[in-house]
Amino acid sequence: MKKSSLLLAVLSLAVLVGCQHIPSSTLYIEKQGSFTVGGRYITHKGTFSAENFISPEGQRAYGDFAYVNYQIPVNAKPYPLIFQHGGAQSKRTWESTVDGREGFNNLFLRKGYSVYLLDQPRSGESNLSTEALDPATPWASNPMYGDKTFYILSRIGHYDQQGNPVPNAQFPVGESYYQAFQQSWSVGSGPLDNDLNADVLVQLTNQTEGAILVTHSMGGTIGWRAAIRSDKVKAIVAYEPGGTPFIFPETEMPTITKARFEHLSATAMGVPMNDFLKLTQIPIVLYYGDYIQLGSENVGEDKWGTEFAMAKQFVDAINRHGGDATLVHLPTMGIHGNSHFLMGEKNNQRLADLMEKWLKEKGLDK
């Protein structure tokens, strides 16, 4: 290519990038990278000696930080999206679907939002901990022989008489996709500490001029706690929050709807009213998928029935105190077949559009 032609091509691209009307088929990223946020260290007693360099004496153990990967598109909207994963998961939740389609990461980049994906402390690529594992730590090691348990509890499907997985309507069909789902789990390297997780999420949020939190499952409680701790949280979008406590005023604790297997029941924790009222200062939306049924013989359907019952009380409590919370049960909108991992299923583009519409309604896109 001649120099003049090459220069013309570069200038044309520069004009295109600077234009507001960028083709939706192409992503233009202004800035991207990764970093860690939060963290601490403990120092072993003694004095380090170069002659005994493998000894722990006088050396530090680092951990309890979050690893963050971010991308900022050209002409980004003012508020970035910070994606908080759920229990035993990682930022992979948002990156891609099991059948290789774009996840919420790219879908929202295309919609003009900056995205921050984090691995919470002691998980994924943040797997250094300053505290040792204890017997109560969930997912402390490879969940051997647990594929059917996770599949059922996540409401992804059931099994036929031969033990073969039969996915629900929106989950991709095939052994390779089943395996990809099972390989998405992440073990913890230290005790689960959702106050630590919230504090680190707050540090990330405070680095922005305001951010929208997008949480999943056990990440729900982390989002609630972060919004109490930081006025930089501008909204929360929660996909099937549960598995960890919902937040209520300590003087207005909710009714616990018990699951058939009682330890799977939804839970709640009380906070001072002044803290709870901070949740009434931002718009909040909760999305739940299909196959949720209290009393079902399917433990996943029953378990999430208790969480959905708790979510109703949570939303009612916020709105009763002047807040703006919305509970969306997708089947009532004619959107059927979604599991607990609805952001990675066949209709994830439609669900992303639904969230985008909500953000616009709340004036968070400008």
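**Talking through a predicted model**

Mentor: At 23% relative accessibility, Tyr 291 counts as partly exposed. Keep in mind that this is a predicted model.

Trainee: Thanks! Where does Tyr 291 lie?

Mentor: Tyr 291 has a positive phi, near 60°, although the residue is something other than glycine. Most residues other than glycine have a negative phi. As for its place in the chain, Tyr 291 sits in the loop between strand 11 and helix 9.

Trainee: Is Ser 217 buried or exposed?

Mentor: Ser 217 is a further non-glycine residue with a positive phi, about 55°. It lies in the loop between strand 7 and helix 7. Buried means under 20% relative accessible area. Ser 217 has 9% relative accessibility, so Ser 217 counts as buried.

Trainee: Let's turn to helix 10. How far apart are its end C-alpha atoms?

Mentor: Helix 10 covers residues 348-361, which makes 14 residues. At 1.5 Å a residue, the helix should span 20 Å. The model agrees with that expectation, since the end C-alpha atoms are separated by 20 Å.

Trainee: Which strands are among the elements that cover the buried residues of helix 10?

Mentor: The buried residues of helix 10 include Asn 348, Leu 351, Met 355 and Trp 358. Part of their cover is a helix, namely helix 3 (104-110).

Trainee: Now for charges. How many salt bridges are there?

Mentor: To be counted, a side-chain nitrogen of Lys or Arg must be within 4 Å of a carboxyl oxygen of Asp or Glu. Arg 122 and Glu 131 qualify, as their closest N and O atoms are 3.8 Å apart. By this rule, the number of salt bridges comes to 19.

Trainee: Which residues are linked in a network with Arg 122?

Mentor: Arg 122 is buried, with a relative accessible area of 2%. Salt bridges link Arg 122 in a network with Arg 40, Asp 64 and Glu 131.

Trainee: How many residues apart in sequence are the parts tied together by Arg 225 and Asp 195?

Mentor: The side chains of Arg 225 and Asp 195 meet in a salt bridge, 3.2 Å from N to O. Arg 225 lies in helix 7 (residues 219-229) and Asp 195 in helix 6 (residues 194-206), so the pair joins parts whose separation in sequence is 30 residues.

Trainee: Lys 303 and Glu 307 form a salt bridge too. By about how much of a helix are Lys 303 and Glu 307 separated?

Mentor: Their N to O distance is 2.7 Å. Lys 303 is buried at 10% relative accessibility, and Glu 307 is buried at 1%. Because Lys 303 and Glu 307 are four residues apart in helix 9 (residues 299-320), their separation is about one helical turn.

Trainee: Finally, which elements give two or more residues to the lining of the largest pocket?

Mentor: The largest pocket has a volume of about 480 Å³. Its lining has 26 residues, with Trp 139, Leu 153, Met 218, Gly 243 and Lys 303 nearest the centre. The elements that give two or more residues to this lining are helix 4 (147-153) and helix 9.

Conventions:
Residues are numbered from 1 along each chain as its sequence is written. This is a predicted model: local features need pLDDT of at least 70, side-chain atom pairs count only at pLDDT 80 or more; totals for chains, interfaces and linings use all residues. Side-chain values use heavy atoms; hydrogens and water are left out. The expected span of a helix is 1.5 Å times one less than its number of residues. Buried means under 20% relative accessible area, exposed over 50%, partly exposed in between (1.4 Å probe, protein chains only). Contact means heavy atoms within 4.5 Å. On a 1 Å grid over the protein atoms alone, a cavity is a set of points where a 1.4 Å probe fits but cannot get out, and a pocket is an open set with protein on both sides within 12 Å along at least five of seven lines; lining residues have an atom within 4 Å of a point. Grid points are joined across faces, edges and corners, and a volume is the space filled by probe spheres set on the points.
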